[in-house]
Amino acid sequence: MAPGESTSDLCRKTGIKRSTLAQQLVRGRVSVDTVVRVARAFHEDPVIALSSFPEFEGLAEGRRAPTDAELISQVSYPCILRTLLSRAASEAEATPQLEPCVFPYSGSVRLWFEAIDAGDLRQRLSAATGIAPQNISAQLSAERLSPDVAVQAARLSGVSLTSGLVVTGVLLPEEGGWAEGAREQAVAGLSDVELVTLARDRLDALAKVLRKREQDEKYDHALLENLG
């Protein structure tokens with residue numbers, strides 16, 4: 001990618017620490033983040049750069065537009081509620097545009113996985129990668145998914161191979177084939193019933209998270225009191 005660049009120049013252009021890059025090169029295990037940063041620094045397509053590695057074979061050929069389900073999964077509940085309020089305030093506007101919202105957001109990795117899951121994705125992904133289903137669930141609960149696992153999940157689900165890398169923050173949306181405003185358009189295209197149902201489901205999920213957090217805090221408080 002940059003045969004004429006010194007390590008110092010490479011680090012300066014990519015923002016990677018010199019010690020970090022040196023360790024990766026010595027071990028022969030350069031991280032995905034490093035590959036992406038170097039590609040961007042030299043105005044190369046990071047998807048094509050990643051495609052040269054065995055675990056990402058076919059990534060560039062498998063890059064295409066995300067499905068509506070994927071796009072909707074990446075819209076946070078505040079944005080969904082704002083769309084509902086906008087429709088209620090202006091009945092004349094059939095499909096009001098959603099304001100640009102934060103992406104990715106808390107819960108976006110898990111929701112993307114659920115959006116592409118036909119019901120047995122954890123088991124199929126486990127068989128393909130050798131990772132136990134409970135460990136896959138643990139990654140999703142922690143809102144992370146390793147890049148190779150994200151690509152494999154997309155491959156098994158028949159969606160764009162770059163979608164998981166966008167959702168996990170490895171690639172920018174435009175690098176992964178996500179058109180500007182696509183998420184907003186997908187949500188704006190929902191019917192009122194679909195939008196209300198979506199808002200209800202997101203709020204139910206939020207309530208579960210908050211309820212668990214509240215229970216954990218009560219448990220911690222009681223434990224501290226018992227310890228004196």
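## Order of elements

From the N terminus on, the elements of the chain run α-α-α-α-α-α-α-α-α-α-α-α-α. That gives 13 helices and 0 strands; both are DSSP runs numbered from the N terminus, where a helix (H or I) has at least four residues and a strand (E) at least two. The model is predicted, so local features need pLDDT of at least 70 and side-chain atom pairs count only at pLDDT 80 or more, while totals for chains, interfaces and linings use all residues. Residues are numbered from 1 along each chain as its sequence is written, and side-chain values use heavy atoms, with hydrogens and water left out.

## The chain as a whole

Taken along the principal axes, the C-alpha atoms of the chain fill a box of roughly 60 × 60 × 35 Å. Of the 228 residues in the chain, 36% are buried. Here buried means under 20% relative accessible area, exposed means over 50%, and partly exposed lies in between, with a 1.4 Å probe and protein chains only.

A contact means heavy atoms within 4.5 Å. Among the contacts in the chain with a separation of 6 or more, 66% are between residues 24 or more positions apart.

## Helices H1 and H3

Helix H1 covers residues 7-14 and helix H3 covers residues 32-41; their axes come within 9 Å and cross at roughly 90 degrees. The axes are lines fitted to C-alpha atoms, for helices over the stretch in contact, and the angles run from 0 to 180 degrees between N-to-C directions. H1 and H3 are therefore roughly perpendicular to each other. Angles of 65 to 115 degrees count as roughly perpendicular, under 35 as roughly parallel, over 145 as roughly antiparallel, and the rest as oblique.

Leu10, Lys13 and Thr14 in H1 meet Arg37, Val38 and Ala41 in H3. By class, this contact of H1 with H3 has 3 nonpolar, 1 polar and 2 charged residues. The nonpolar class is Ala, Val, Leu, Ile, Met, Phe, Trp, Tyr, Cys and Pro; Asp, Glu, Lys and Arg are charged, and the others, Gly among them, are polar.

The phi of His43 is near 60 degrees, a positive value in a residue other than glycine. His43 counts as exposed because its relative accessibility is 74%.

## Helices H8 and H9

Helix H8 (residues 121-129) and helix H9 (residues 133-141) have axes that come within 9 Å and cross at roughly 115 degrees. That angle makes H8 roughly perpendicular to H9. H8 passes H9 in a right-handed crossing. A crossing is right-handed if the near helix is turned clockwise from the far one by less than a right angle, and left-handed if anticlockwise.

On the H8 side the contact is made by Arg122, Leu125 and Ser126, and on the H9 side by Pro133, Ile136, Ser137 and Leu140. The residues of the contact of H8 with H9 fall into 4 nonpolar, 2 polar and 1 charged.

## Helices H7 and H10

Helix H7 (residues 108-116) packs with helix H10 (residues 147-157) at an angle of about 25 degrees, their axes 10 Å apart. This makes H7 roughly parallel to H10. The crossing of H7 past H10 is left-handed. Trp112, Phe113 and Ile116 of H7 meet Ala150, Ala153, Ala154 and Ser157 of H10. This contact of H7 with H10 holds 6 nonpolar residues, 1 polar and no charged.

The buried residues of H10 are Val149, Ala150, Val151, Ala153 and Ala154. Their cover includes H7, H8 and helix H11 (163-167). Just after H10, Gly158 takes a positive phi of about 75 degrees.

## Two loop residues

Gly107 is found in the loop between helix H6 (77-89) and H7, while Glu143 is found in the loop between H9 and H10. The two are 36 residues apart in sequence and 6.3 Å apart in space, C-alpha to C-alpha.

Gly107 is buried, because its relative accessible area is 8%. Glu143 has a relative accessible area of 25%, so it is partly exposed. Although Glu143 is not a glycine, it has a positive phi of about 60 degrees.

## Cysteines

A disulfide is a covalent bond between the sulfur atoms of two cysteines. The rule used here takes a pair of cysteine sulfur atoms within 2.5 Å as a disulfide, and by this rule the count comes to 0. Cys11 counts as buried at 8% relative accessibility, and Cys79 counts as buried at 1%.
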